[in-house]
Amino acid sequence: MTKKQIKEKEEYLSNQSRILNDSLDFWQLKTLEQVSWLEELDEEHDEDSDEPTEEQQQAQKELDYCMSKLQWDNIELAKLDKEIKFFLKSKKSK
């Protein structure tokens, strides 16, 4: 790799890391909001009824979606981490 290619790769990896971390932060916050909302709905829910309300079902679906986005971002971040480690290792050996 030329110095220019190394610099471009460093910038790319840095940007990808920032983007993924920002996304992870967003989905963590969104997940916490959904958990709070679901807990609030559960507290308001009639104790005699076993069936969740439509609003509770919707809140649960949104929570499931947030959790899946978090999971996806964590997987992508782990892949990026491996790529960065490989890049740094190859950079050191040159």
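Which residues form a negative surface patch? Select Glu39, Glu40, Asp42, Glu43, Glu44 and Glu55, and you have the patch on screen.

Before going further, a word on what you are viewing. This is a predicted model, in which local features need pLDDT of at least 70 and side-chain atom pairs count only at pLDDT 80 or more, while totals for chains, interfaces and linings use all residues. Residues are numbered from 1 along each chain as its sequence is written, and side-chain values use heavy atoms, with hydrogens and water left out.

**Stop 1: the negative patch**

Patch residues have over 30% relative accessible area and no salt bridge, and like charges are joined within 9 Å. Asp and Glu count as negative, Lys and Arg as positive, with His and the chain ends not counted. Each charge is placed at NZ of Lys, CZ of Arg, CG of Asp or CD of Glu. Areas come from the Shrake-Rupley method with a 1.4 Å probe.

Now colour helix 1, residues 3-44: it gives the most to the patch, with 5 residues. Helices here are DSSP runs (H or I, at least four residues), numbered from the N terminus. Glu55 lies in helix 2, residues 54-92. Glu55 is partly exposed, at 42% relative accessible area; buried means under 20%, exposed over 50%, and partly exposed in between.

**Stop 2: bridges between the helices**

A salt bridge puts a side-chain nitrogen of Lys or Arg within 4 Å of a carboxyl oxygen of Asp or Glu, and the count comes to 4. Select Lys9 and Glu83, whose closest N and O atoms are 3.0 Å apart in a salt bridge. This pair links distant parts of the chain, Lys9 in helix 1 and Glu83 in helix 2, 74 residues apart.

Next, show Glu10 and Lys91, which meet in a salt bridge at 2.1 Å, N to O. Here too distant parts of the chain are linked: Glu10 sits in helix 1 and Lys91 in helix 2, 81 residues apart. Glu10 is partly exposed at 28% relative accessibility, and Lys91 is partly exposed at 37%.

**Stop 3**

Pick Glu76 and Lys79, a salt bridge with closest N and O atoms 3.2 Å apart. The two are 3 residues apart in helix 2, so about one helical turn separates them.

**Stop 4: Asp73**

Finish at Asp73, also in helix 2. Asp73 is buried yet has no salt bridge, and the nearest side chain of opposite charge, Lys69, is 5.7 Å away. Leaving aside residues up to four places away in sequence, Asp73 touches Leu20, Ser23, Leu24 and Trp27, where contact means heavy atoms within 4.5 Å.

Terms used: Patch = residues over 30% accessible without salt bridge, like charges linked within 9 Å, V, L, I, M, F, W, Y side chains within 5 Å. Buried < 20%, exposed > 50% of the residue type's maximum accessible area, 1.4 Å probe, protein only.
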